[in-house]
Amino acid sequence: MLKKDKSEALTQKFNNYYPGGHSNLRIPMDVTNHRLFIESSRGTHLVDVDGNEYIEYNGSMGPNILGHAYPEYVERLKDFMDNNGTAIGSNLLFSPLDIEVAEKLCKFVPCVEEVKFTTSGSEAVQMAFRIMRAYTGKTTIVRVEGHYAGWPDNVLGGRRNPDPNSKPYADFSCAGGPGVDPFYTEGRIPWAGKEIFMIAWNDLEQLEETFDKYHEEIAGIHLEGIVWNNDGLYPQSGYLEKVRDLCNKYNIVMCMDEIITGFRVNIGGAQTVVGVTPDICTMGKAMANGIPVACVGGKKEIMDTIRDGRVLCPGTFPGFGLGQCAVNATLDILSRDNCAVYGQVFKVQERIMDGLVEIANRYDIPLTLTESNGVFSTIFGVPGGRRRLYTKDDLKGFDKKIVEAFQKYMQENGVFLMFGGRWYVNASHTIADAEKTLEAADKSMKAIKKNNLRFIPV
């Protein structure tokens with residue numbers, strides 16, 4: 001039984017000061033009535049204020065690619081802090097690190113020839129939208145249902161306009177309100193949807209129809225190459241190639257969202273995995289191993305809209321020193337020995353995935369696993385084991401109640417998971433971690449089966 005007295009007391013105080021917590025979505029994140037307060041973290045292990053220890057696969061929702069307090073990373077940041085200010089320039093002063101980081105990004109990421117930094121993925125996406133509109137002289141951005149792009153009004157959630165006689169604007173109204181749409185929010189500007197066309201993922205007919213009919217309005221399309229904000233849905237054969245062709249045909253900018261996939265699934269991001277190079281991309285999360293850094297990178301002719309002053313993307317922290325140091329250190333570690341760390345991560349990940357499928361089969365619990373290097377998702381309620389899924393129809397049967405029950409039982413057994421069934425594996429996870437994780441999974445699935453696929457507090 002987990003101890004919780006200190007965490008419960010801190011939760012009461014925390015809730016007095018922080019409405020909704022730090023990052024608030026309507027999706028349940030906690031599986032206990034109290035919040036988890038961490039006293040120490042090292043490698044893959046967390047210790048909370050009550051002394052409970054966990055192996056964690058939350059990864060800070062993606063940034064933690066190396067692990068907590070990774071020795072070389074920490075030493076390089078300490079050395080920087082001993083000799084520099086955390087932020088010294090903001091386009092007034094610069095560092096040789098700026099050059100090193102840019103050269104590495106241009107080397108590793110296929111579409112990148114120039115870069116512009118900011119501090120969060122949400123900011124990078126809005127910067128990319130401004131760049132695409134300025135470059136083309138057009139106004140509308142095409143987005144894809146289920147592809148998360150931050151919290152601003154024009155991107156949070158939304159669906160395609162259900163009226164077939166209307167333009168395919170993003171519909172943010174959601175007739176069911178907050179009980180139906182986890183991304184529904186009050187306070188959104190009513191006309192935010194008029195900035196965006198929305199299409200369905202992997203629907204070639206809808207893609208072509210939208211581009212053919214409205215290309216004179218469309219400045220760019222922003223989409224994930226592999227949809228890890230929606231359970232790892234892959235592009236069907238030819239889909240991204242068609243996006244690329246239509247963008248070339250109609251002078252539309254193709255922007256790939258690499259906030260999750262960048263430097264996690266591959267040193268070059270999803271664009272190297274799917275084999276389609278966008279014009280620009282948005283990057284963040286894993287590129288700095290947890291220091292808040294994001295950027296837009298892409299073709300020189302497009303990024304040069306910033307160079308000549310047509311596009312402004314000002315701020316206090318773009319290119320701040322500590323962030324550049326964190327990116328440089330992270331990329332050095334990930335790229336060393338021909339990117340050997342990715343093979344190391346996948347070896348551990350594959351042991352966990354195969355073990356989970358074996359355990360689920362043993363207890364006759366339907367489970368599909370979708371996967372990329374460094375991230376996978378447990379789709380309970382859908383049989384099939386390790387395989388690729390492509391559309392929301394492939395997710396039919398996905399039982400979030402089993403996912404939540406599994407998460408609760410795993411936490412009771414010393415493994416901390418991210419909500420929704422997504423697992424992030426990092427460079428500090430070991431085979432020993434994997435074996436302990438599978439021991440916890442066996443106990444958890446056994447309990448789920450015994451209790452008719454639900455959680456009963458123990």
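Author: A definition comes first: on a 1 Å grid over the protein atoms alone, a cavity is a set of points where a 1.4 Å probe fits but cannot get out, and a pocket is an open set with protein on both sides within 12 Å along at least five of seven lines; lining residues have an atom within 4 Å of a point. Grid points are joined across faces, edges and corners, and a volume is the space filled by probe spheres set on the points. This is a predicted model, in which local features need pLDDT of at least 70 and side-chain atom pairs count only at pLDDT 80 or more, while totals for chains, interfaces and linings use all residues. Residues are numbered from 1 along each chain as its sequence is written, and side-chain values use heavy atoms, with hydrogens and water left out.

Reader: How many cavities of 30 Å³ or more are there?

Author: The count is 1. The largest cavity holds about 30 Å³ of space. Its lining consists of Ile65, Arg264, Leu334, Val341, Tyr342, Val345 and Asn373.

Reader: And what is the volume of the second largest pocket?

Author: That pocket has a volume of about 660 Å³. It is lined by 26 residues, and Asn91, Phe94, Lys116, Pro318 and Gly319 are the closest to its centre.

Reader: Which helices and strands supply at least two residues each of that lining?

Author: Helix 3 (96–108), strand 4 (114–118) and helix 9 (321–362) do. Helices (H or I, at least four residues) and strands (E, at least two) are DSSP runs, numbered from the N terminus.

Reader: Turning to the cysteines, how many disulfides does the structure hold?

Author: The structure holds 0 disulfides, a disulfide being a pair of cysteine sulfur atoms within 2.5 Å.

Reader: Where is the kink centred?

Author: The kink in helix 9, of about 105°, is centred on Asn338. The bend at a residue is the angle between axes fitted to the seven residues ending there and the seven starting there.
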